[in-house]
Amino acid sequence: MTKEERIESSKTTIFKAVFPNTTNHYHTLFGGTAMQLMDETAFITATRFSRQQMVTVSSDRIDFKKPIPAGTIVELVGKVSYLGNTSLKIRVDIFVEEMYTDSREKAVSGEFTFVAIDDQKNPIKIK
């Protein structure tokens, strides 16, 4: 399989409903909760691409462009955006959808860097 085919086949999409227990006093999704969901999506994407043990080593700029209200659906999309020797970057976008309309727009974007590790937690080459 080519690198491009691996990137495409490891693309990860997760859907979640935004319930009131995950929102702040403005009734919008907590930023920290959004970041946790993004890191989880990025981890799954990195693992699906490499099929190796991966750990998050950094998160790059995360842009919160639109609030995510309670009572909406979010779609998280993770895709490999950079491949190094021992590390890779995953871009994650969050799209917010109204439950009862066709409205859908990008709300949050960010990148996460992962490193492949061995059993002793030392960096190793991504296969």
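Select Ser50 to begin: is it buried or exposed? Keep in mind that what you're looking at is a predicted model. Ser50 has a relative accessibility of 5%, and because anything under 20% is called buried, Ser50 counts as buried.

Now show what surrounds it. Setting aside its neighbours within four places in sequence, Ser50 is in contact with Arg6 and Ile126. Then colour residues 31-50, and you'll have helix α2, which includes Ser50.

Next stop: the sheet. Select the strands and you'll find an open sheet of 5, in the order β1-β3-β4-β5-β2, with antiparallel pairing. Look for the edges at β1 (12-17) and β2 (54-64), each of which pairs on one side only. If you follow the sheet across, the twist averages 25 degrees from one strand to the next.

Zoom in on β4 (residues 87-98) and β5 (residues 104-116). These two run antiparallel, and 11 bridges join them. For a landmark here, pick Val92: standing opposite is Gly110 in β5.

Finally, bring the helices back into view. Helix α1 (residues 3-10) packs on the sheet, where it touches β1 and β3 (72-83). Compare directions, and α1 makes about 160 degrees with β3. Helix α2 packs on the sheet too, touching β1, β2, β3, β4 and β5. Its direction makes about 55 degrees with that of β5.

To end where you started, click Ser50 again: you're back in helix α2, at a buried residue.

Definitions and conventions:
Residues are numbered from 1 along each chain as its sequence is written. This is a predicted model: local features need pLDDT of at least 70, side-chain atom pairs count only at pLDDT 80 or more; totals for chains, interfaces and linings use all residues. Side-chain values use heavy atoms; hydrogens and water are left out. Helices (H or I, at least four residues) and strands (E, at least two) are DSSP runs, numbered from the N terminus. Buried means under 20% relative accessible area, exposed over 50%, partly exposed in between (1.4 Å probe, protein chains only). Contact means heavy atoms within 4.5 Å. Two strands pair if DSSP finds at least two bridges between them. Axes are lines fitted to C-alpha atoms, for helices over the stretch in contact, and angles run from 0 to 180 degrees between N-to-C directions.
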